[in-house]
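I opened the notebook to look at one model. My plan is to go site by site and write down what I find.

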Amino acid sequence: MADWVLIPCLKALFAEFDRIAPSRDRASDGSIGDTAHQNEVSDHNPDETGRVPIHDADHINEVHAIDVDNNLRESDLTMEKVVQFLLARCRSGAEKRLRYIIYNRRIWSASSGWVQQTYTGASPHTEHAHFSASYATNLEASTASWHLEDIPVALTAADKTWITNTIAAQTKAAITAELGAIAKEVMATYRVGGTTTAGSTYQRNLSELTADVWAMTMRGNTMGGDPMPSEGAFSQILEDLAILTAKVDALTKQ
Ligand SMILES: [Ca+2]
Ligand SMILES: [Ca+2]
Ligand SMILES: [Zn+2]
């Protein structure tokens with residue numbers, strides 16, 4: 001039984017580290033124990049063929065510990081933050097899949113109520129953090145989220161640029177979508193320049209004005225039935241449209 005597998009919950013933890021720190025250094029990553037581990041009791045040893053602290057219910061040859069390189073290569077996300085985040089979840093009872101964590105000369109164990117203790121083992125664990133997991137069948141198998149993406153980190157300059165651009169684009173899209181509706185609500189007294197009959201002054205909104213211009217162009221009269229004005233009508237219409245457009249612009253800036 002030489003083959004071994006890493007328990008699913010720790011595979012999931014590795015995957016979450018990869019997701020929150022895609023460029024992280026993996027030089028000090030590890031799962032199965034090396035020769036040194038094989039001579040001692042370690043969660044890094046496969047549990048059916050190696051020396052381990054607990055004998056579990058199944059006959060699957062599982063490894064119950066991982067080492068994760070401490071260099072996450074993120075501007076504000078450190079291994080210390082990840083460890084403290086996981087410890088807080090363990091202490092609150094929200095996370096039950098870990099048995100102990102070792103990092104930077106300290107160890108925290110479930111059996112000691114997750115209180116920080118000095119770690120005096122041969123390796124100071126300054127290059128990697130060690131995570132030992134449960135041997136309980138349901139906990140080993142759980143690939144539920146470790147919630148590492150919830151760790152608060154400061155925004156980078158690139159994050160801020162992305163957020164600013166996204167908000168600007170969404171705001172512009174929202175204003176554009178509202179513009180048609182707003183235009184229909186903007187009423188203005190509109191008179192075709194050059195016309196003199198009583199009906200040549202209208203209450204018009206932007207949409208209707210557009211229809212007016214179209215009707216005049218195609219049929220030679222206004223929607224109100226006035227004859228085509230003789231001179232300067234279209235330049236007057238353009239001026240009126242400009243005034244209305246300015247009113248709509250002013251409304252959208254409120
Ligand atoms: Ca097993
Ligand atoms: Ca097992
Ligand atoms: Zn280790």
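My entries follow, beginning with the ground rules.

**Ground rules.** I am reading a predicted model, where local features need pLDDT of at least 70, side-chain atom pairs count only at pLDDT 80 or more, and totals for chains, interfaces and linings use all residues. Residues are numbered from 1 along each chain as its sequence is written, chains are lettered from A and ligands numbered from 1 in the order in which they are written, and side-chain values use heavy atoms, with hydrogens and water left out.

H44 sits in the loop between α2 (35-38) and β2 (62-63), while D67 is in strand β3 (residues 65-69), 23 residues apart. Helices (H or I, at least four residues) and strands (E, at least two) are DSSP runs, numbered from the N terminus. I noted both H44 and D67 as buried. Buried means under 20% relative accessible area, exposed over 50%, partly exposed in between (1.4 Å probe, protein chains only).

**H128.** Next I turned to H128 in strand β7. Is H128 buried or exposed? H128 is buried, because its relative accessible area is 14%. Its side chain makes a polar contact with the side chain of D67 (3.4 Å). A polar contact is a pair of N or O atoms within 3.5 Å; within protein, one must be able to donate a hydrogen and the other to accept it, and residues adjacent in sequence count only if both atoms are side-chain atoms.

**Strand β5.** I checked both faces of strand β5 (residues 106-109). R106 and W108 on one side are buried, and so are I107 and S109 on the other. Strand β4 (residues 98-103) pairs with β5 in the antiparallel sense over 4 bridges. Two strands pair if DSSP finds at least two bridges between them. I101 stands opposite W108. The hairpin of β4 and β5 has 2 residues between the strands, and N104 takes a positive phi near 50° there. β5 also runs antiparallel to strand β6 (residues 117-118), joined by 2 bridges. There, R106 has T118 as its bridge partner.
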